[in-house]
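Here are my notes on the structure below. Please keep it open while you read the points in order.

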There are 2 protein chains.
Amino acid sequence: MNSALCRKLGIEFPLFAFSHCRDVVAAVSRAGGMGVFGAVLYTPDQLRTELEWIDAHCGGKPYGVDLIVPTSLQRQEEGGPSDEQLLGALPREHLEFVESVLARNGVPADDLAERRRALLHVSHNLNTAGAEEMLDVAFSFPVRLIANALGTPPQIMLDRAREAGVTVAALVGSKKHAERQIAAGVDILVAAGGEAGGHCGEVSTMVLVPEVVSVAGDTPVLAAGGIVTGRQMAAAVAMGAAGAWCGSVWLTTAEGEPGQRIKDKMLAASCSDTIRSRSRTGKTSRQLRSAWTEAWEAGGPDPLPMPLQSLISEPALGKIEKLAEGGHEGAADLATYWVGQGVGLMNRMTSAGAVVQEFKQDYLDAAERLMATLEE
Amino acid sequence: MNSALCRKLGIEFPLFAFSHCRDVVAAVSRAGGMGVFGAVLYTPDQLRTELEWIDAHCGGKPYGVDLIVPTSLQRQEEGGPSDEQLLGALPREHLEFVESVLARNGVPADDLAERRRALLHVSHNLNTAGAEEMLDVAFSFPVRLIANALGTPPQIMLDRAREAGVTVAALVGSKKHAERQIAAGVDILVAAGGEAGGHCGEVSTMVLVPEVVSVAGDTPVLAAGGIVTGRQMAAAVAMGAAGAWCGSVWLTTAEGEPGQRIKDKMLAASCSDTIRSRSRTGKTSRQLRSAWTEAWEAGGPDPLPMPLQSLISEPALGKIEKLAEGGHEGAADLATYWVGQGVGLMNRMTSAGAVVQEFKQDYLDAAERLMATLEE
């Protein structure tokens, strides 16, 4: 496929793989797509290590990085709140609720405080100094694409990308977002429907894609949200998208970052087995339904704003995943991860490279299916 | 387009128009699609009148009827609750809430009781005797398709359709629904995504269509939910659908049943301007966001089960629409109607026949756009 977007980025097939797992990123780029490394959970040093690995394993093919760089970066305090301020801001009610959910499922809460401290760097990434450090690391590699996962990229990110000749993508969940991003000057819009895993809006991919395309002018639009097969990618392209941006489909590959118990739950799930909730990050994100998400829906305290809610949820979920992998049944019931409604179509474990090849074939078949309706 | 489904039903283009407006039904059938008359709000006598009109105005082309026939028909009392029992079951809290919302917007509640009595026949349609009367009327016309809007059709509906050689369609919002309908023996599945107007589930069209297709075997699947353009219909067909089932797009045609003030609100709305709520019928249905839906979300009492909630909402909404059409601003703020997220793509008033022609052209263009990506 030799579209304008493919030529611009030097890729063969406009399938973009958002993943927190370097193996997925490198495998997808090698297979002709575009791997995009989701870096928000890493420290600058970790990001450097991961990008070095990707650079060495992507066979010289293009790859990208996805950060959460707040729009209002310049308005925040240089250093942001201290670690002690953050920890002190966590209400007893939330901490005790998590402990009660764990206790009910026989999961010890012994090392939550330690796990919490290990996560403090994530909030650092959301401050000016931290975000600039992450940008420094990203731009020290020959990345071809940089994406901002939440909101309009700040001017500094756009300026540095221009300077380095790097394409800027931004996620949008509504027409209003899209208009704002175009005014800011981003190069690619990722129209992410409400069925997407992770942070998502309410408008579905089927309507958001044509709506965003209608205001995007010459800016290419990638379709995201629920897309885990080539036929869905073909559907998006028929509606005017320039390609697809997928996150969930890589989770059940051999390389995907979730533990096997979570992968097994995903492979068994239907499209009805996800839930949108603020309980993981403080903003609405879509996750696999589990005893953990049910507990928050049934009677959890009101989730805290970012980044505080992650300091409540992530230590517990890290512990849960570890025990679930060891065969702990209570933990396995609680285990969850971000995933879109497309999870119901992810029924077979495979490899990231094989997913790209299957997408290509399924895309072709879908185009032929559509053409056949004109010929009959 | 000469697909198996088109041949089976004797239509030219597999675009199905669900509408409560006879003009839309006849116009779409005449234009080569399949008009399906939504009959749930009518009495048997009214249904006969409407079908006589459609039969006389559809140019001999096929048309269908959509009813809500409860699965558990046979288990209900023959006659169902009496009118006085139904009216007596409406809590004072709900009646007073509606009056307070109207009062806040300067809408007099003078004739609500009278409007409520005029609606009692709708609940009659949900009982055995009433539903059989509706089926008697429907099958006295040469309908080609009969659809059940909620749940699995009862055996009596399937048997009578078989006997009359009428194709049976049923709406499904999840894989589980689809499996149940196939087991019951329906001929066409309408996979209705969560972005649909009216009653809807949570799974989006983009994932529900391939999920339902994967379990449907030889049963044709129509895509519904958010589809208001030919490019979206093409997208659905690329994913394996046999056509599209659309309700919202007809609302802003010249023939569409809403008043002009509601049409104007729809034409101005974006895809983000709808809301799923139980406040209209007791079951979750998607509607245009308005001061009415906001009031229920912000502090309304818990909606009642079907058919009681309709006896709370419809009299008020009927009054609101009437005043809104007369230029009453408070009523115009409250005015709402069922519509899907595709409302953001409905930006120009046209005619139902013209919508069908635009669908055909847009479908062709979308197929060519997809094919072009393979040729480049």
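Notes on the contacts between chains and domains

1. Chain A and chain B bury about 3,600 Å² between them, and carbon and sulfur atoms give 69% of this area. Buried area here is the accessible area (1.4 Å probe) that two parts lose on being put together, summed over both. In chain A, the residues that lose the most area to chain B are A:Met206, A:Val207 and A:Leu370, together 17% of what that side buries.

2. Some ground rules apply. This is a predicted model, in which local features need pLDDT of at least 70 and side-chain atom pairs count only at pLDDT 80 or more, while totals for chains, interfaces and linings use all residues. Residues are numbered from 1 along each chain as its sequence is written, chains are lettered from A and ligands numbered from 1 in the order in which they are written, and side-chain values use heavy atoms, with hydrogens and water left out.

3. Which residues meet between the chains? By contact (heavy atoms within 4.5 Å), 43 residues of chain A touch 43 residues of chain B. The count of salt bridges between chain A and chain B is zero; a salt bridge is a side-chain nitrogen of Lys or Arg within 4 Å of a carboxyl oxygen of Asp or Glu.

4. Three helices of chain A, α11 (205-216), α12 (230-238) and α17 (352-375), each supply at least two residues of the side that touches chain B. Helices (H or I, at least four residues) and strands (E, at least two) are DSSP runs, numbered from the N terminus. The most comes from α17(A), with nine residues.

5. Chain A is assigned domain 1 (1-80 + 127-256) and domain 2 (90-121 + 258-345), with bounds from an automatic or database domain assignment. Their centres, taken over C-alpha atoms, are 25 Å apart. In contact are 26 residues of domain 1 of chain A and 19 residues of domain 2 of chain A.

6. Between domain 1 and domain 2 of chain A there is one salt bridge. A:Arg276 also forms a salt bridge with A:Glu202, with 4.0 Å between the closest N and O atoms.

7. In chain A, three strands form an open antiparallel sheet in the order β7-β11-β10; two strands pair if DSSP finds at least two bridges between them. β7 (198-199) and β10 (274-277) of chain A stand at the edges with a single partner strand each, so one side of each has no neighbour in the sheet.
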